[in-house]
Amino acid sequence: MRFIPVVFSVLSIFLTSCSDLNKKDQLTRIDEMNKSLDSIKTVLLENKIDTITQLMFAASQVEQRIKSNYVSDTIDMALAKKMNAFKVSRKRLRPLGKSYNNINHGVDEEKEALRLLKSDIENGSGERNKYDDYVMFEASKVHQLRMLLKDYVSSKSKTMNELDKLYPEMNEFSLSLLNKKEN
C-alpha cells in the first residue's frame with residue numbers, strides 16, 4: 001500500500017518539472033512575440049501617412065478641377081492613363097488609412113492578449129494543458145499582423161510614389177485649365 005503514494009508523489013513531481021520546462025519555453029516565446037510586436041509597431045509608425053486627409057482632399061480637388069474645366073472632343077491617351085493612375089492612387093489612400101488603424105489596433109490588442117496569457121502561465125491559472133495551443137494561436141496572430149504590415153508598407157510605398165510622381169503634373173494641368181476658363 002505504501003507503494004501507491006510513493007509512485008503518485010514521484011509522478012506528480014515529474015509532471016510538475018515537465019510543466020515548468022514548458023512554462024519557461026512558453027514564457028520565452030511570449031517575450032519573443034512581444035518583441036516582434038514592438039518592431040511591428042516601430043515599422044508601422046515609421047510608415048504613417050501623417051497627411052492622409054490632406055492628400056485625399058488635395059487629390060480630390062485636382063480631379064474636380066479637371067472634371068469641371070476640361071473640355072475636348074477627344075482625350076489624349078497619355079493624359080487619360082495619367083488621370084486613371086492618379087485616380088486609382090487617390091482611391092488607395094482611404095484603405096491605407098484603415099489598414100494603418102487596423103494594424104495599430106491589432107498590435108495593441110495582441111499585446112494585451114499576450115500580457116494576460118503570460119500572467120496565466122506564470123500563475124498556473126486556467127487550463128494548463130492548453131497553454132501550448134494558446135501560445136501557438138497568439139503566434140499565428142502575430143504572424144498575421146506581420147503580413148498585414150508588409151502589405152501595408154508595400155501598398156503605401158507604391159501609392160505615395162505614384163502620387164508624388166503624378167500630383168504635381170496633374171495639379172499644374174488642373175490649374176492651367178482653370179486659368180484658361182477664366183481668361
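## How α2 meets α4

The axes of α2 and α4 cross at roughly 40° and come within 9 Å of each other. The two helices are therefore oblique to each other, and α2 passes α4 in a left-handed crossing. Keep in mind as you look around that this is a predicted model.

Where do the two helices touch? On the α2 side, the residues are L55, A58, A59, V62, R65, I66, S68 and N69. They meet a set of α4 residues that includes M160, Y167, M170, F173, L177 and K181.

## A closer look at α2

Helix α2 has 18 residues, which should span 26 Å at 1.5 Å a residue; its end C-alpha atoms are 26 Å apart, so the two values agree.

Its buried residues are I52, M56, A59, V62, E63, R65, I66 and N69. Among the elements that cover them are α3 and α4.

## α3 beside α4

Next, follow α3 along α4. These helices pack at an angle of about 155°, and their axes are 6 Å apart. That angle makes α3 roughly antiparallel to α4. Here too the crossing is left-handed, with α3 passing α4.

In soluble globular proteins, nonpolar side chains tend to be buried together. In this model, the largest nonpolar core has 34 residues, and those with the most contacts inside it are I30, L37, I40, F86, I121, Y152 and M170. The elements giving two or more residues to this core are α1 (3-46), α2 (52-69), α3 (77-123) and α4 (131-182).

Setting aside neighbours within four places in sequence, I40 is in contact with I103, V107, V142, L145, R146 and L149.

How values were computed: Residues are numbered from 1 along each chain as its sequence is written. This is a predicted model: local features need pLDDT of at least 70, side-chain atom pairs count only at pLDDT 80 or more; totals for chains, interfaces and linings use all residues. Side-chain values use heavy atoms; hydrogens and water are left out. A nonpolar core is a set of buried Ala, Val, Leu, Ile, Met, Phe, Trp, Tyr and Cys residues joined through side-chain atoms within 4.5 Å. Buried means under 20% relative accessible area, exposed over 50%, partly exposed in between (1.4 Å probe, protein chains only). Helices (H or I, at least four residues) and strands (E, at least two) are DSSP runs, numbered from the N terminus. Contact means heavy atoms within 4.5 Å. The expected span of a helix is 1.5 Å times one less than its number of residues. Axes are lines fitted to C-alpha atoms, for helices over the stretch in contact, and angles run from 0 to 180 degrees between N-to-C directions. Angles under 35 degrees count as roughly parallel, over 145 as roughly antiparallel, 65 to 115 as roughly perpendicular and the rest as oblique. A crossing is left-handed if the near helix is turned anticlockwise from the far one by less than a right angle, and right-handed if clockwise.
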